[in-house]
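Subject: Structure handover

Hello,

Here is the structure I promised to pass on. Please have it open while you read; my notes follow below.

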Amino acid sequence: MIWNFASLVAIALSGLADPQDPATSAETPDRISYAGTGNGWTGERTEWWIDRSGRGSYRTTVDHKASGKFDAGPQGFERIRAILQPLEGVRELPCDGAVTDQGAGVLNWRRAGGETALRFDFGCNFRQPDAARERLGEASEQVQLWARSK
């Protein structure tokens, strides 16, 4: 049976809504962050975070080695959260084997009750289009734009 990303997300979220579990809580996270590395040959690293107030930071060694702090306001935080919200309850992304020596990263949601994380292995071979990676890319691009336009 071939699963698409929407089906996997629905399965991950259905019937698992434990209000005590930060991953399935409707409570707004206090902070969303990402840290990832490029493939083993380059050793490049990208990190960013944004808190509920919209303050955040972006740092990368990729391209022009950009870094910067920003304040996107609460609306900016809500924008990033909306992009990433379908991934909040996902425990693991499907992987049909992996190409070794590729990049990896971790997306985190921090709440008062704890922290949840979703690991990305960029060497995975997916059967379906990688909607999770697209969402992470969209959020990362927005944070980078805010940091570069300070």
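In β3, Gly56 is the bridge partner of Ile50. This belongs to the antiparallel pairing of strand β2 (residues 45-51) with strand β3 (residues 55-60), which runs over five bridges. Strands (E, at least two residues) and helices (H or I, at least four) are DSSP runs, numbered from the N terminus. Two strands count as paired if DSSP finds at least two bridges between them.

A word on the source. This is a predicted model, where local features need pLDDT of at least 70, side-chain atom pairs count only at pLDDT 80 or more, and totals for chains, interfaces and linings use all residues. Residues are numbered from 1 along each chain as its sequence is written, and side-chain values use heavy atoms, with hydrogens and water left out.

**The sheet**

Six strands form an open sheet with antiparallel pairing, in the order β4-β3-β2-β1-β5-β6. β4 (67-71) and β6 stand at the edges. Each has a single partner strand, so one side of each is left without a neighbour in the sheet. On average, neighbouring strands are turned by 10° against each other, direction ignored. Axes here are lines fitted to C-alpha atoms, for helices over the stretch in contact; angles run from 0 to 180 degrees between N-to-C directions.

Helix α2 (residues 73-84) packs on this sheet. It touches β1 (31-37), β2, β4 and β5, where contact means heavy atoms within 4.5 Å. The direction of α2 makes about 120° with that of β2.

At the β6 end, β5 (residues 104-111) and β6 (residues 114-121) pair in the antiparallel sense over eight bridges. They form a hairpin with two residues between them. Ala104 has Asp121 as its bridge partner in β6.

**Salt bridges**

The structure holds six salt bridges. The term means a side-chain nitrogen of Lys or Arg within 4 Å of a carboxyl oxygen of Asp or Glu.

Arg45, Glu47 and Arg59 are linked in a network of them. Arg45 and Glu47 meet at 2.7 Å, N to O. Between Glu47 and Arg59, the closest N and O atoms are 2.2 Å apart. That pair links distant parts of the chain: Glu47 lies in β2 and Arg59 in β3, twelve residues apart.

Asp51 and Arg55 form another salt bridge, at 3.3 Å between the closest N and O atoms. Asp51 is buried, at 13% relative accessibility; Arg55 is partly exposed, at 46%. Buried means under 20% relative accessible area, exposed over 50%, partly exposed in between (1.4 Å probe, protein chains only).

Best wishes
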